[in-house]
Amino acid sequence: MGLWDSICVLCGGPVASQAYMRDGETLKKYGKWLGNLYIITSTEDIVKTDYSKEYLPGEYKIKDKIYTITPVHWHINQKISIEFGTENVKKYSYGVVCHQNCYKLIYKSLKHKIQFANICRLINDMGYITPKSKYGIIKKYWDQFFNYELAVKNNEWVLKNPLSNAKNKTRILKMWRPLVKKFKKNPPRPSPCESATNFPVGAIFLGYNKKLWIVKSINRRKIWVLYKGKTKHLKNIPYYPSRKKSKSKKKSKSKKKSKSKKKSKSKKKRKSKR
Ligand SMILES: [Zn+2]
């Protein structure tokens, strides 16, 4: 599926204004609630925004800060600005996006505030929970762009405000009730939610417990370890080791290679996949 319009991680409805704006005009019907959004950031901040803050597809610019909401792009801006040293890394943040009303619905009905750490490992690169069938009928309208017209024509209720439309509310709660049950039973782990295998050894992130964690390779498995080193040189968090360091790492890797060629190959493959 080539979904490109961002969708609300909670209901699967459109968040990007191109889905419900025509000729510069917000479609009167549902544009209003669809456009009122929260970004749940990787550091568990709830940032209020709306469609007018769209900067690029999948990015919102709020008070000079850029929020990336598509997982596949989460780390790109920060990495680029570190590599080239041209921009202030601190201006980038990332997370997931949802409608304010969907967030409120889950809080009201299930007594739980959805956290980044609840869902960051349940979503795929495009930012929706898998399998997508969980979202019900609305997934039918996930073309490359959200097919607003077709949804209005055939199942208008999926675009209606779930705080007032019972059918849409039921659809969303059916999906989230079992998930929230799990979240309550298993609170997030103290280390960063994202998998350590996604990052180079030496990367430092803020954990759910608000402490710093570093990626280490132990028995050839990357894991998060509580960071107890100096913090002065860490100008920004997340901290990604510079390219120079990763080069020297490659050398040590190639040494390993001679030991077990196949293994390091499969490692590389995995890396390029992500
Ligand atoms: Zn929603």
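Trainee: Which residues does Ile 114 touch, not counting residues up to four places away in sequence?

Mentor: Happy to start there! This is a predicted model, where local features need pLDDT of at least 70, side-chain atom pairs count only at pLDDT 80 or more, and totals for chains, interfaces and linings use all residues. Residues are numbered from 1 along each chain as its sequence is written. Contact means C-beta atoms, placed from the backbone, within 7 Å; by that rule Ile 114 touches Leu 10, Ile 40, Tyr 103, Ile 106 and Ile 119.

Trainee: Is Ile 114 buried or exposed?

Mentor: A residue is buried if 20 or more other C-beta atoms, placed from the backbone, lie within 10 Å of its own, exposed if 12 or fewer, and partly exposed in between. Ile 114 lies in the loop between H4 and H5, helices being DSSP runs of H or I, at least four residues, numbered from the N terminus. Because Ile 114 has 23 C-beta neighbours inside 10 Å, it counts as buried.

Trainee: Where does H7 bend?

Mentor: The bend at a residue is the angle between axes fitted to the seven residues ending there and the seven starting there. In H7 the angle is about 35°, and Pro 178 follows within four residues of the bend, which is at Trp 176.

Key: Helices (H or I, at least four residues) and strands (E, at least two) are DSSP runs, numbered from the N terminus. Two residues are in contact if their C-beta atoms, placed from the backbone, lie within 7 Å.
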